[in-house]
Amino acid sequence: MMLKKPLVLSDIIRVTVIGIFVGVISGVGAVIFHATLEFSTHHLLGFTGFKSPDISGNWNPPDPLKLLVVMALGGLACGSIVYTLAPEAEGHGTDEAIKAFHKKGGKVRARIPIIKTIASAITIGSGGSAGREGPTAQISAGYGSIVAEILKLTPRERRLALAVGIGAGIGSIFKAPLGGAILSAEILYKRDFETEALIPSLIASIIGYVIFCTYDGYEPIFYFPEVHILAHHIPFFILEGLVCGVVGLVYIVMFYNTREIFSKFFERYNIPLVLKPALGALIACLIVIAVSKTFNPLAGYGALGMGYGFLQLAMIGKLSLSVMLVLAIVKMITTSLTIGSGGSGGVFAPGIVIGGMVGGALGLTFHNIFPEFVTLDVVPAFVAVGMIALFGGISKAPISVLIMICEMTKNYELLFPGMAAVAVSYVVTGDYTIYSEQVNTRMDSPAHRYEMAIDLLEDVRVDEAMSKNVLTVSPNHTVIDVLRLIEKTGYMGFPVLEDGKLVGIITFEDVEKIPIEKRANTKVKDAMTPNPVTVTPKDDLKTALEKMVVRGVGRLPVVENGKLVGIITKGDIVRAYVRIKRKLGIV
């Protein structure tokens, strides 16, 4: 364990280097994933005849039979790739990236970016209801981990590179660099920020954004009509936040219950896991076809893939209230089936589609009831604010999602109603989150547990934790005398004093080094460790612990003005740590 990282460069230079490297590789990774996804969609969904809506509203529904075959085979291909080569690539990916930060020291296997790219392109490209943010997060996190290995970074810096990769990747592929940068610090916790990630994330996100936009152009993800929000609209947006929070809770419960049902079903009947995504895709496809045939093709086929084309139709007022309402429900179900069954894809795109449809339906409802207050030209704002409120609440990343939607629409007038709505949604959803690997605060993260402990230990002095009544031995005692003292007291080591002066320390480990037949005649002075490392009563416990770890010892004599005044052990430090945590109400 390294207690002090070697500073070859200053911290600010190292952080800048991390940001530059991760930004470049995340931007390139986003281009590769986007191109792979486009290729997959063209050849898979394109084979069914499906064409997503464009800005004019033109689109083509798929052939139902071909769609059934493509989605089932896509699920089978995804399951075969994931469960054979990298099981951690199943699902939406963001959770695995968050888990790697908190529990794996920022390490992601090098194969993950490649496998996640292929599996997610197949899932989404074959019509699975999923988004590209989760795969991009895990892919870029994997690249960040690779950068950390190349640069020989410390564990702390490796975690930082991973977090920066998450934000840079998402900020690049959604053309939302500021939101992506903030997301890297916000997405890891329910109630906290990884503040150290902000500066390198700003650097990485803008670099990744420029690289991706050089490939895909600088146009925003959505065309958004001009809207003007007035003061009397704000209460309606607050109510929208409440509704989106409730719908978000339903989405979370449905998503995780579906995942649990699939897991238990396949475990109970011992069915090969590679078939899980295929079964989920098959059921999702049957639901989509049933809704399309019995209600409206827009409400059914709108749940295929990411669904951005249909979300665009909602923004320009080309979807009816009933279609948006039904599509929101179908999208929740199909997303739960696609990703909950192990398909590879993100929950961001489905989340904002669901939120947008709920918001659009609510906006039209307000318009029908209060036409003089909520005019038809304001309804698109309810679509966008619904996107912010629902996903900002369930992702526990309200600030970054708020900014990202504004960047994706290039409409910053959404900030104010979005703030009101997402705040309400965040409160309504409470501790429920779509990302199960999030922890509440930095203090709850295994990644920061040691750092938190050190912070607390800096506030406690050695004389507040040491033992003052110290048993000592003289240099002329025998090793057998020390062994008997160990058996009698249970203490594992003793300072050695000669004429009141500390000359060494002898421990059970020192005694064990002496052959049994020689212990009766071996003096302590011949077995002890001379000139032991010491601390003073005024040193803090952090200093004491560092000395113990560096020297590989379990206790230190406490010396003041050349006189032995106590002894402190690792056990004393642990007990002091527990006491101060209880005093602070942490445990």
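I started with the second largest cavity, which holds about 60 Å³ of space. The model is a predicted one, so I kept to its rules: local features need pLDDT of at least 70, side-chain atom pairs count only at pLDDT 80 or more, and totals for chains, interfaces and linings use all residues. Residues are numbered from 1 along each chain as its sequence is written, and side-chain values use heavy atoms, with hydrogens and water left out.

For the record, the search ran on a 1 Å grid over the protein atoms alone; a cavity is a set of points where a 1.4 Å probe fits but cannot get out, a pocket is an open set with protein on both sides within 12 Å along at least five of seven lines, and lining residues have an atom within 4 Å of a point. Points are joined across faces, edges and corners, and a volume is the space filled by probe spheres set on the points.

**Second largest cavity.** I listed its lining as Phe101, Arg156, Arg159, Leu160, Glu194, Glu196 and His448. Helix H7 (residues 155–173) gives the most, with three residues; helices here are DSSP runs of H or I, at least four residues, and strands are runs of E, at least two, numbered from the N terminus. By class I noted two nonpolar, one polar and four charged residues. The classes are Ala, Val, Leu, Ile, Met, Phe, Trp, Tyr, Cys and Pro as nonpolar, Asp, Glu, Lys and Arg as charged, and the others, Gly among them, as polar.

**Helix H4.** Phe101 from that lining is also one of the buried residues of H4, and I looked there next. How much of H4 is buried? Seven of its ten residues (94–103) are, so the helix is largely enclosed by the rest of the structure. I wrote them down as Thr94, Asp95, Ala97, Ile98, Ala100, Phe101 and His102. Buried means under 20% relative accessible area, exposed over 50%, and partly exposed in between (1.4 Å probe, protein chains only). After H4 comes Gly105, with a positive phi near 65 degrees.

**Other cavities.** I found four cavities of 30 Å³ or more. The largest has a volume of about 80 Å³, and of its 13 lining residues, Gly75, Thr123, Pro277, Ala281 and Thr338 are the closest to its centre. H3 and helix H11 (276–294) each supply at least two lining residues, and H3 has the largest share with four. This lining divides into four nonpolar, nine polar and no charged residues.

**Largest pocket.** This one comes to about 780 Å³. I counted 30 residues in the lining, with Glu38, Ser52, Met306, Tyr308 and Gly309 nearest the centre.

**Phe50.** I found Phe50 in the loop between H2 and helix H3 (64–85). Is it buried or exposed? At 12% relative accessibility, Phe50 counts as buried. Its C-alpha is 4.2 Å from that of Pro62, twelve residues away in sequence. Beyond its neighbours within four places in sequence, its contacts (heavy atoms within 4.5 Å) include Leu45, Trp59, Tyr301, Leu304 and Phe310.

**Rings.** I used the rule that rings of Phe, Tyr and Trp (its six-membered ring) pair if their centres lie within 6.5 Å, with planes under 30 degrees apart stacked, over 60 edge-to-face and the rest tilted. That gave me 19 aromatic pairs. In one of them, Phe50 and Phe310 have ring centres 6.4 Å apart and planes at 25 degrees, so the pair is stacked. Phe310 sits in helix H13, so the pair ties together parts that are 260 residues apart in sequence. Phe310 is buried too, at 1% relative accessibility. I also noted a cluster in which ring pairs link Phe174, Phe222, Tyr308, Phe348, Phe391 and Tyr435.

**Cysteines.** How many disulfides does the structure hold? I got zero, a disulfide being a pair of cysteine sulfur atoms within 2.5 Å. Cys244 is in none, and its nearest cysteine sulfur, in Cys406, is 15 Å away, too far for a bond. Cys244 is buried at 0% relative accessible area, and Cys406 is buried at 1%.
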